[in-house]
Each structure stands twice: as structure tokens, then as C-alpha cells.
Amino acid sequence: MTISVADYARECAAQGLRGNYSICRPDFTVAQDYDYSEAEQKVWRTLCDRQTKLTRRLAHRSYLDGIDALGLLERIPDFGEVSDRLRKLTGWEIVAVPGLIPAQPFFEHLAARRFPVTNWLRTERELDYIVEPDMFHDFFGHVPILTQPVFADFMQAYGARAAEAIALGGDQMITRLYWYTAEYGLMQEPGQELKAFGAGLMSSFTELQFAVESRDAHHVPFDLETVMRTGYEIDKFQRAYFVLPSFDALRDAFRSADLGAIIPRWRDQPPLDPATV
């Protein structure tokens with residue numbers, strides 16, 4: 001079901017969401033309007049300085065390569081400048097949005113190699129936790145890994161095939177795939193230590209350490225069908241983290257997945273308990 005910008009803006013205002021949805025274009029994008037205060041620039045530097053101390057140790061090399069390629073740490077990024085660099089690497093670009101947008105335009109942006117990034121930043125009081133995804137989560141978390149050609153291909157394919165999954169009744173199943181990869185994915189290539197790349201981990205000071213280093217973290221070998229069947233929770237540490245052997249394995253598994261068989265087989269079954277997969 002397609003929702004109008006005006007209707008969505010009213011819903012977001014009623015929920016008390018922070019972004020200004022009333023100025024969205026038809027595709028739910030807005031101008032970045034680079035007019036951030038010195039206080040906001042300070043929050044950005046504080047977040048980046050603190051998180052970088054962890055990501056240098058716990059992030060997968062592909063994420064760190066992306067940080068180096070894009071240069072995101074000194075000041076709040078200019079979306080246009082970063083898009084210019086990103087296009088040369090993988091053909092992706094950044095589009096500004098006021099926060100969470102509906103699924104359909106989100107998937108359409110991904111399919112066109114456009115990644116939606118929130119144009120506002122959390123306050124100093126919210127350094128450790130914020131309810132809504134903000135610019136730090138979207139940019140520091142998601143954008144660096146889009147410099148990697150194979151993962152960039154997966155994300156485009158994900159956007160392109162999401163409508164197919166939803167038409168089959170697999171709304172939750174396709175969302176779980178994004179959650180356990182783009183948001184909370186880990187990777188362990190042959191001969192390497194376990195590292196993280198998911199944006200929910202990259203932007204979290206506490207969960208990144210837990211997911212990679214804690215003996216209590218539940219690490220599960222990646223299997224596409226199992227991922228799509230496994231439930232998740234948004235307000236606590238994950239009870240399962242799926243571990244990829246490589247981005248090639250993720251891209252190839254999704255490209256070859258028979259969604260027309262997988263989704264009808266499991267869509268009416270209760271989700272798997274992440275603690276037991």
C-alpha cells in the first residue's frame with residue numbers, strides 16, 4: 001500500500017518523531033541543509049572519537065577501508081561531497097531524509113543505489129542511546145560499508161527484490177534479513193578474527209563490544225533461510241548474531257534464493273527463537 005507524504009507526515013507528528021516530514025519531496029527525501037551548530041559538530045566529533053577507538057579493534061577491515069576512503073570523522077559530513085566519492089567507488093549516493101521513511105520508497109532508493117540518511121543528529125544527552133535512527137547511526141554505521149563493491153551489489157539486489165518478498169507475504173522475513181546483516185552482521189573470513197560490520201553495531205558503544213568479544217554472545221553461522229526465519233528485538237542486545245564467511249556468500253545466497261518457495265514455506269510459522277538457532 002502506497003502512503004502519501006502528507007499522510008505519513010501526520011502519522012510521524014502524532015508519534016512525536018523528530019524529523020520534519022512536512023517538507024518531504026514525493027520520494028520522501030529532503031535537502032540536507034548544512035547549517036549545523038558548533039554544538040552539533042562537537043557531538044559528532046565526540047561520537048566519532050569514542051566509537052573509532054572501538055571500531056579500529058572490532059570492525060571488519062572492509063568497514064575500516066570505507067572510513068578511510070570517505071573521511072567521515074572530522075566534521076558532520078556533507079552529503080553531496082560524500083556522494084561524489086561514493087559514486088566513483090560503487091555507484092551509490094546519499095540522499096537526505098528526515099528519519100525513518102516507509103518501506104516502499106526505502107526499497108526503491110536502495111534499488112537505485114541511493115542510501116537514505118537522516119539529516120539531523122542526536123543531542124549530547126543521547127550519546128549512548130537514541131530511540132530513532134539519526135545521522136550518526138545512518139552515516140557512521142551504514143555508509144562506510146557501501147564502499148565495498150560486493151556488499152553494495154547485495155544492497156541494491158535487496159532493494160530490488162524486497163517488493164517480490166512483500167507480495168509473497170514475506171514482509172517480516174525480508175526485514176529480518178536486513179536486520180541480521182546490514183544492521184547486526186558479523187564476518188569471519190578464513191584465517192581471520194571475528195569482526196563486525198553491521199550498522200547497529202558500528203554505532204553502538206556497548207553492543208559492539210558485546211557482540212564481538214563477549215563469551216555470552218550467541219554466534220551462528222550464516223544461512224539465508226534461517227536468518228529470514230529468526231525473530232529479533234529492537235530494544236535490547238541481540239540474542240543471536242549471524243556470522244558471514246564473506247560478502248560474496250551473502251550476495252550469492254540472496255541472488256540465488258528462491259523467495260517464491262522460501263516465503264510460502266515459512267511465512268505462517270512462528271519465528272525461530274534467536275537464542276536457540
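**Pocket**

I began with the lining of the largest pocket, which I sorted by class into 27 nonpolar, 11 polar and 11 charged residues (Ala, Val, Leu, Ile, Met, Phe, Trp, Tyr, Cys and Pro count as nonpolar, Asp, Glu, Lys and Arg as charged, and the others, Gly among them, as polar). I note that this is a predicted model, in which local features need pLDDT of at least 70 and side-chain atom pairs count only at pLDDT 80 or more, while totals for chains, interfaces and linings use all residues. Residues are numbered from 1 along each chain as its sequence is written, and side-chain values use heavy atoms, with hydrogens and water left out.

For the space itself I worked on a 1 Å grid over the protein atoms alone, where a cavity is a set of points that a 1.4 Å probe fits but cannot leave, and a pocket is an open set with protein on both sides within 12 Å along at least five of seven lines; lining residues have an atom within 4 Å of a point. Grid points are joined across faces, edges and corners, and a volume is the space filled by probe spheres set on the points.

I found about 1400 Å³ of space in the largest pocket. Its lining holds 49 residues, of which Leu100, Pro133, His137, Trp179 and Glu183 are the closest to the centre. The elements that give two or more residues to this lining are α2 (38-58), α5 (103-111), β2 (114-118), α6, α7, α8 (171-183) and α10 (205-213), with the largest share, five residues, coming from α8. Helices (H or I, at least four residues) and strands (E, at least two) are DSSP runs, numbered from the N terminus.

**Cavity**

The residues that line the largest cavity include His142, Phe151, Met155 and Phe197, and α6 (135-142) and α7 (149-167) each supply at least two residues of the lining. By class I recorded seven nonpolar, three polar and no charged residues there.

**Aromatic rings**

I counted 25 aromatic pairs, taking rings of Phe, Tyr and Trp (its six-membered ring) as paired if their centres lie within 6.5 Å, with planes under 30 degrees apart as stacked, over 60 as edge-to-face and the rest as tilted. I looked up Tyr180 and Phe242, an edge-to-face pair at 5.0 Å centre to centre with 75 degrees between the planes. Tyr180 lies in helix α8 and Phe242 in strand β6 (residues 241-244), so the pair ties together parts that are 62 residues apart in sequence. Tyr180 is buried at 1% relative accessibility, and Phe242 is buried with a relative accessible area of 1% (buried means under 20% relative accessible area, exposed over 50%, partly exposed in between, with a 1.4 Å probe and protein chains only).

I also followed a cluster linked by ring pairs, with Phe106, Phe115, Tyr158, Tyr178 and Phe254 among its members. Tyr178 lies in helix α8 and is buried, with a relative accessible area of 11%. Leaving aside neighbours within four places in sequence, I find Tyr178 in contact (heavy atoms within 4.5 Å) with residues including Phe106, Phe115, His142, Met155 and Tyr158.

**Backbone**

I checked phi and noted Phe28, with a positive value of about 70 degrees although it is not a glycine; Phe28 lies in the loop between α1 (5-15) and α2 and is buried at 3% relative accessibility.
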